[in-house]
Amino acid sequence: MPLYREEGVVLRTHKLGEADRIVTLFTRSRGLLRAVAKGVRRTTSKFGARLEPFMVVDLQCFEGRTLDTITQAETLGSYGAQISADYDRYRAGSAIVETAERLGEGGVSLPLYALLIGALRTLAAGKIASDLVRDGYLLRAMSAAGWTPVFTHCVSCGAPGPHTVVSVQAGGVLCEDCRMAGPPRLDPESVALLSALLEGDWETAVAASERHREQASGIAAAYAQWHLERGLRSLGVSRQ
């Protein structure tokens, strides 16, 4: 059975038998990969801790009939401990990797792979609020997947903004002439925040008020779930 090397981000794991795990990764050159890591739940495992969610790893695997097997794992980016230590970071990280898994089903994408690593690195650093990192990732990931939202001009007729009616289904803001029943009207600052998140303008994003962050967050979540055509379980988790 041929050996190969791969670089990837651990998205999630689940138990297999008494000592093994199935590891789901978003990889650089193979897209979504599910592989068996044998014996990693034993205390004597040499690389079990490297195969936890939010870790970036260099792998050696060999191909199997149904699932490949991981034989070696070296850490390239260690973000699991920092993200898991904080509840809000963990919530945001869970939404990010769940989205990456859904998008990874579409195949190899270097832009999505780089975006995922960047989001986890930023989240682990803790210098930018977790909700902003998550929402920025959702919008930019949808854009990288081919669904770029429009916040600077009317998505229907092209009339220059600012516009404050945001239609998830239409793909962005609508002017007064094109607006339809149903889509919400946001504060102008919330639309500006959505645009900043899409562009990676963190200076503008971190200056936004709580109200505007909440409005923008609702749109980012709805937009991602609309294009993924299913809900994100991680977005439904809330603090008790």
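Contact here means heavy atoms within 4.5 Å. The model is a predicted one, in which local features need pLDDT of at least 70 and side-chain atom pairs count only at pLDDT 80 or more, while totals for chains, interfaces and linings use all residues. Residues are numbered from 1 along each chain as its sequence is written, and side-chain values use heavy atoms, with hydrogens and water left out.

1. The largest nonpolar core has 49 residues, of which Leu 116, Leu 120 and Tyr 137 touch the most other members. Such a core is a set of buried Ala, Val, Leu, Ile, Met, Phe, Trp, Tyr and Cys residues joined through side-chain atoms within 4.5 Å. Buried means under 20% relative accessible area, exposed over 50%, and partly exposed in between (1.4 Å probe, protein chains only). Two or more residues each come from β1 (3-16), α2 (87-104), α3 (110-125), α4 (130-144), α5 (188-199) and α7 (210-228); helices (H or I, at least four residues) and strands (E, at least two) are DSSP runs, numbered from the N terminus. The greatest share is that of α3, with nine residues.

2. Beyond its neighbours within four places in sequence, Leu 120 is in contact with Val 9, Phe 54, Tyr 79, Ile 83, Ile 96 and Val 97. Apart from this core lies another, of 16 residues, among them Val 23, Ala 37, Val 40 and Phe 47.

3. Phe 54 lies in the loop between β3 (31-37) and β4 (55-62). This residue is buried, with a relative accessible area of 2%, and its phi is near 80 degrees, a positive value in a residue other than glycine. Glu 229, in the segment after α7, also has a positive phi, near 65 degrees, but is exposed, with a relative accessible area of 73%.

4. A cis peptide bond joins Gly 161 and Pro 162, with omega about 10 degrees. Pro 162 is placed in the loop between α4 and β6 (165-167). Most residues other than glycine have a negative phi, and most peptide bonds are trans.

5. Ala 19 is found in the loop between β1 and β2 (20-27). Its relative accessible area is 10%, so Ala 19 is buried. Leaving aside neighbours within four places in sequence, Ala 19 is in contact with Gly 39, Val 40, Arg 41 and Arg 42.
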